[in-house]
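Look at the sequence and the structure first, then read the notes.

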Amino acid sequence: MKATELTEILQTNHEDKQKLRDVEFTDLTQDTRHITPGCCFVAIKGLNFDGHDHVQEAADAGAKLIIVERPVEITGPATVITVPNTYKALAQISARFFDDPSAAMTMFGVTGTNGKTTITHLISKILDDHGSTTGIIGTMYNKIGNQKLPTINTTPDPHTTQKLLRQMVDHGVMECAMEVSSIALVQGRAWGVDFDTAVFTNLTEDHLDYHKTVENYFDAKALLFSQLGNSYHKGQKPKTAVINIDDPYGRRLIEKTAANVLTYGTHGQGILQAKNIKVTSHGTKFDLQIYGQTYPVHLQLMGDFNVYNALAAFGATYEHGLPSEEIIKSLENVKGVRGRFQVVPNDQDVTVIVDYAHTPDGLKKCVKYD
């Protein structure tokens, strides 16, 4: 890649931009273990490791371009460029290096305390049934078509995300459903991802060791929506926010986005609603209403919370243009998501459930039936 392409996006002084015109690099990394001759190395300061302390190591290993955010001294031919924020630079360079893969797909971003994994899998299932090839980025694994790849974080760093999205595009993936955590949003891990639809599930106490207050936690979630659909260029793909209006924080989110908003709920509010809900040990029945139309739904999934998950997935794919009947058919065929209120078959006449619930609200919803 010719570094001159970065002059349009990197924030640096005119002298450094001039330096970029004479550089071409072959790979990109922020990990000193992955430096190869001719690569671009971005020095990131983390909690326990500062890449700035290893820039000479990067130069000695053959890095051709080194991006830093504080003064460093090196010997050798590597070109050093200084920016205010190397993490943002990593996101900017990664998106350009991998040729903006998210722009070539329809991106669904799902955030909230509970339900992210189930909803991304439901979205993927609906779209797969409709003939698409889908990808998932999330907690349990990353998926490219039928291939599952291991993952470390719910939402990877910008370089990993862009590389993964590039792999998806190269393998014919047309849509990707991505879990977007609050910590990732604060840290900018989703920078450079062009989301078309953002889904909000709910907000209860979680990650307060990091965010300190619930209000900070909400502000983090709101970033996904405030960064969505802030322009209305001719030919641009429409942006949509799918928001749980029964959640008080969801109602506050509506004012945070310039995108179209599809609200959903079960308490008599919202464009998309579930009514007459009946939960049994064999599944969940309800009437789905949207824009004056009513459709009966019989999920194999159990629990009121799965009604919300189904509504979120329905709303996201409905706004994507899929027919209501096809979406409902897919939802009704879903037997469950591994570790998410998963029923374990047995011959002991007992109901055994495996669930990932790890917050007070999540545990309460798993054991409560109306």
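**A helix across the sheet**

Helix α3 (residues 86–97) lies across β1, β2 and β3, and runs at about 140° to β3. Axes here are lines fitted to C-alpha atoms, for helices over the stretch in contact, with angles from 0 to 180 degrees between N-to-C directions; contact means heavy atoms within 4.5 Å. Helices (H or I, at least four residues) and strands (E, at least two) are DSSP runs, numbered from the N terminus.

This is a predicted model, in which local features need pLDDT of at least 70 and side-chain atom pairs count only at pLDDT 80 or more, while totals for chains, interfaces and linings use all residues. Residues are numbered from 1 along each chain as its sequence is written, and side-chain values use heavy atoms, with hydrogens and water left out.

**The sheet**

- Four strands form an open sheet with parallel pairing, in the order β1-β2-β3-β4; two strands pair if DSSP finds at least two bridges between them.
- Because β1 (28–29) and β4 stand at the edges with a single partner strand each, one side of each has no neighbour in the sheet.
- Strand β2 (residues 40–42) runs parallel to β3 and is joined to β3 by three bridges.
- Phe-41 has Ile-66 as its bridge partner in β3, and Cys-40 stands opposite Leu-65 in β3.
- Four bridges join β3 to strand β4 (residues 79–82), and these two run parallel; Leu-65 has Thr-79 as its bridge partner in β4.

**Side chains of β3**

- In a regular strand the side chains alternate between the two faces of the sheet.
- In strand β3 (residues 65–68), Leu-65 and Ile-67 point one way, Ile-66 and Val-68 point the other way, and all are buried (under 20% relative accessible area with a 1.4 Å probe, protein chains only; exposed is over 50%, partly exposed in between).

**Helix α4 and its partners**

- Helix α4 (residues 116–129) packs on helix α11 (residues 324–333) at an angle of about 120°, with the axes 9 Å apart.
- The pair α4 and α11 is therefore oblique (under 35 degrees is roughly parallel, over 145 roughly antiparallel, 65 to 115 roughly perpendicular, and the rest oblique).
- Leu-122, Lys-125, Ile-126 and Asp-129 of α4 meet Ile-327, Ser-330 and Leu-331 of α11.
- The axes of α4 and helix α10 (residues 304–319) come within 9 Å and cross at roughly 45°, so α4 and α10 are oblique to each other.
- Residues in this contact include Ile-119 and Ile-123 of α4 and Ala-313 and Ala-316 of α10.
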